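Visitor: I'd like to learn how to read a protein structure. Could you walk me through one?

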Amino acid sequence: MKRNYLIATHGELAKGIQSSLNILAGKGDDVTVINAYMTDEDYTPVIVDFINSIGENEQGVIFTDLFGGSVNQKVVTEVLTAGREDIFILSNINLAIILSILFLPEESAITTEMIQEAINESQVTLVQTNQDDEEEDIF
């Protein structure tokens with residue numbers, strides 16, 4: 001199933017994630033990005049165009065940086081206004097979750113369960129650096 005991806009963030013975080021996707025997986029060109037508030041230009045039309053670009057038998061995934069932030073609110077509003085149930089919105093994103101979603105099998109539709117599993121596997125992890133002789137090796 002064809003999928004469309006949008007990363008919408010405050011500042012240039014989306015651009016940076018896109019760069020990382022290119023370096024790590026060659027997939028940066030597979031995503032549309034919004035670097036909100038870098039200029040006075042309204043980015044709502046980019047969201048609307050993205051929503052409208054999703055055809056029948058396609059899915060959309062929108063990644064935003066802060067749940068409840070202004071960018072997330074605008075994305076949620078536009079998706080709800082369009083009445084689209086074929087678009088998933090993930091917030092508080094990190095590079096790991098985006099990579100996980102981009103590499104989900106393309107032959108079947110994304111489900112909420114698939115996304116939840118990817119979220120669980122992509123959580124922020126504290127890396128302990130204190131040296132305790134009784135602890136196992138880090139790697």
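Visitor: Okay, let's start with the sheet. What is the order of the four strands in it?

Guide: Here's the general idea: strands of a sheet pair through backbone hydrogen bonds, either parallel or antiparallel. In this model, which is a predicted one, the order is β2-β1-β3-β4, the sheet is open, and the pairing is parallel.

Visitor: Which strands stand at the edges?

Guide: Those are β2 (31–36) and β4 (87–90). Each has a single partner strand, so one side of each is left without a neighbour in the sheet. As you go from one strand to the next, the twist averages 15 degrees.

Visitor: Can we zoom in on one pair? How many bridges join β1 to β2?

Guide: Six bridges join β1 (residues 2–10) to β2, and the two run parallel.

Visitor: Now the helices. Which strands does α1 touch?

Guide: Helix α1 packs on the sheet and touches β1 and β2. Its direction makes about 150 degrees with that of β2. Helix α4 packs on the sheet too, touching β1, β2, β3 (58–64) and β4. The direction of α4 makes about 170 degrees with that of β1.

Visitor: And how do I describe two helices against each other?

Guide: Two packed helices are described by the angle between their axes and the distance between the axes. Take α1 (residues 13–25) and α4 (residues 95–102): their axes come within 11 Å and cross at roughly 55 degrees. That angle is why α1 is called oblique to α4. The crossing of this pair is right-handed.

Visitor: Which residues make that contact?

Guide: On the α1 side, find I17, S20, L21, L24 and A25; on the α4 side, find L95, I98, L99 and L102. Sorted by type, the contact residues are eight nonpolar, one polar and no charged.

Visitor: Let's step back to the whole chain. In what order do the elements run from the N terminus?

Guide: They go β-α-β-α-β-α-β-α-α. That comes to five helices and four strands. The C-alpha atoms fill a box of roughly 55 × 40 × 30 Å along the principal axes.

Visitor: What does UniProt list for residues 2–127?

Guide: An unreviewed UniProt entry lists "domain: PTS EIIA type-4" there. Over residues 2–127 the chain is 43% helix and 21% strand, with the end C-alpha atoms 36 Å apart.

Notes: Residues numbered from 1 in each chain as written. Predicted model: local features only at pLDDT ≥ 70, side-chain atom pairs only at ≥ 80, totals over all residues. Heavy atoms only, no water. Axes fitted to C-alpha atoms, helices over the stretch in contact; angles between N-to-C directions. Parallel < 35°, antiparallel > 145°, perpendicular 65-115°, else oblique. Left-handed = near helix turned anticlockwise from the far one by under 90°. Contact = heavy atoms within 4.5 Å. Nonpolar A, V, L, I, M, F, W, Y, C, P; charged D, E, K, R; others polar. UniProt positions renumbered as here; feature names shortened; annotations may be inferred. Pairing = 2+ DSSP bridges.
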